Amino acid sequence: MTRLSTRMRGKLGDRLLHAYTWLIIAWLSSPIAVMILFGFNDKKSKSNTRWQGFTLRWYQELFGISDLTTALLNSIYIAVASTVVTVVIGTMLGLALGRHRFKGRGVTNFLVFAAISTPELVMGASLLSLFVSANLPRDAATITIAHVLFSLSFVTVTVRARVVTLDPSLEEAARDLGATPWGTFRQVTLPAIMPGVAAGAMLAFALSIDDYVVTSFVNGSTITFPLWIIGSVKTGIPPQVNVMGTLIFGIGVLIAIANAVAARRRA
Amino acid sequence: MKRLTPYLLALPGWMWLAIFLVVPMAAMASVSLQTGNAIDGFAMTFSVSNYTDALSRYSTQLVRSLAYGGAATLAMLLIGYPVAYWIAFKGGHRKSMYLFLLLLPFFVSFVLRTISWGFLLADDGILFGTLKGWGLLPADFHVLATAFAVIAGLTYNWLPFMILPIYVALERVDPRVVEAAQDLYASRTAAFRRVVLPLSLPGVFAGVLMTFVPATADPVNAQVLGGTSNTMIGNIIQTTYLTNLQYPTASALSFTLMAVLLVGIFVYARVLGTENVLEAAAR
């Protein structure tokens, strides 16, 4: 076999792999396309699996199911609350782990890793065991506690990654020029780690608004958006759910693209 | 003051992890050894029977979960590796676009994504309904409520988590190393097998860990896609806790699941070699 024919075979292989990659992308995206499409389905029967014509009705009646609207609002409130708490304590933890050597650093690192690798199911079950043992009623507060727990490690890790790339001489310079510790943090450290903090915040928000498994253990009678959807699988998912999913998808993609464009401008 | 700074910074996060991760595990261990019921309350009796009962009653579902999780992980590895390979070596300046497209599904809620996947597989849905209408499929053909639907759902949901770490490992492979192998008269296959594949193993290891554990413990895919005959251990733990309120049995089951997964990871790490594990953990 000559070198040339090997190269031609290589070219063909690359083309096949290229097509295959697009095939996989299409497969991964197809349920999203279905979700968006069936938000426009003019369905007459109870189930929403067969295409019956185009309508914008479900967009007009988006908030027509009050339980669903409440569930979506609960999800948004909980996501905002847990993101705020997670970003504050996760950034502090990330700073401590990335910048300082201290006693117990190894144990803390292990706990951060353990929180990421515990299966959601076990996390939810153990939290419920605690709340039951402590006779604590389950509501939006316990959901928020749980969401902070599983988001915390992700924020900590993203902030820590940013902190270790930070040049300590910048902070020293600020102090030498007479800045207070708080002033140094606010005007030097925080702006420098901000991209990490922002990425962590977005991740925490996305994890919270999306969570079903952990929430299902600690929700009590509070219903969130994913819980409501699972609860209505048997009776049929109303098209409003598709519309809400489509809007969340659109907003998320827009934010991600804006973020990427901004990052490219900065570079 | 300065020496206290790291402790003050770490304190809130540390407390959160201690109170809501470590203490609950201890609470679950304690509940798993108690007996009683939801109405009269539970009392500590150190009864190991919760474990033996749970195992004898639900071993089918436990084994099924491991089998489905394992099958899905294997499918993800076989489907995902070529994608990661192509993007890492041939993606050029469009690498980040391909990665973004692969991550697109994550902008849709996990539950909704699984349901939409079920939509596609529905007996009279747009895919099979149309094919049946054309007479290309028998009228009683169905995929939903089979093991295949659940494994395909698990594969669908976690595939990007397999592709990304493999991509990261392959992206670090210097193309000149592969060229050098080919210059030394290694065939394309040999260069891949002897050079690229070993260098990508830490990524494969990380990918398998990131997918096998959540896929095995997942209750959603079995519930949405599996019908009644494909119940996994996640569903059992959920109903035992939330519907039947048998906290001791459920706790024992959760612990058993975690123990099985930990042993699995340990055996897997030993088979693949400790060096790879340390390397993967270092990333």
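Residues are numbered from 1 along each chain as its sequence is written, with chains lettered from A and ligands numbered from 1 in the order in which they are written. Because the model is predicted, local features need pLDDT of at least 70 and side-chain atom pairs count only at pLDDT 80 or more, whereas totals for chains, interfaces and linings use all residues.

**View 1. Helices of chain A.** Chain A has 11 helices and zero strands, where helices (H or I, at least four residues) and strands (E, at least two) are DSSP runs numbered from the N terminus. With a radius of gyration of 24 Å, well over the 18 Å that the globule rule gives for 267 residues, chain A is more spread out than a compact globule; the radius is taken over C-alpha atoms, and the rule is 2.2 Å times the number of residues to the power 0.38.

**View 2. Burial in chain A.** Of the 267 residues in chain A, 39% are buried, that is, 20 or more other C-beta atoms, placed from the backbone, lie within 10 Å of their own.

**View 3. The side of chain B that touches chain A.** The contact takes 64 residues from chain A and 66 residues from chain B, a contact requiring C-beta atoms, placed from the backbone, within 7 Å. Elements of chain B that each supply at least two residues to this side include α2 (49-90) and α8 (188-217), while α1(B) gives the most, with 18 residues. By class, this side of chain B has 52 nonpolar, 10 polar and four charged residues, where Ala, Val, Leu, Ile, Met, Phe, Trp, Tyr, Cys and Pro count as nonpolar, Asp, Glu, Lys and Arg as charged, and the others, Gly among them, as polar.

Methods
Buried ≥ 20, exposed ≤ 12 C-beta atoms within 10 Å, placed from the backbone. Contact = placed C-beta atoms within 7 Å.
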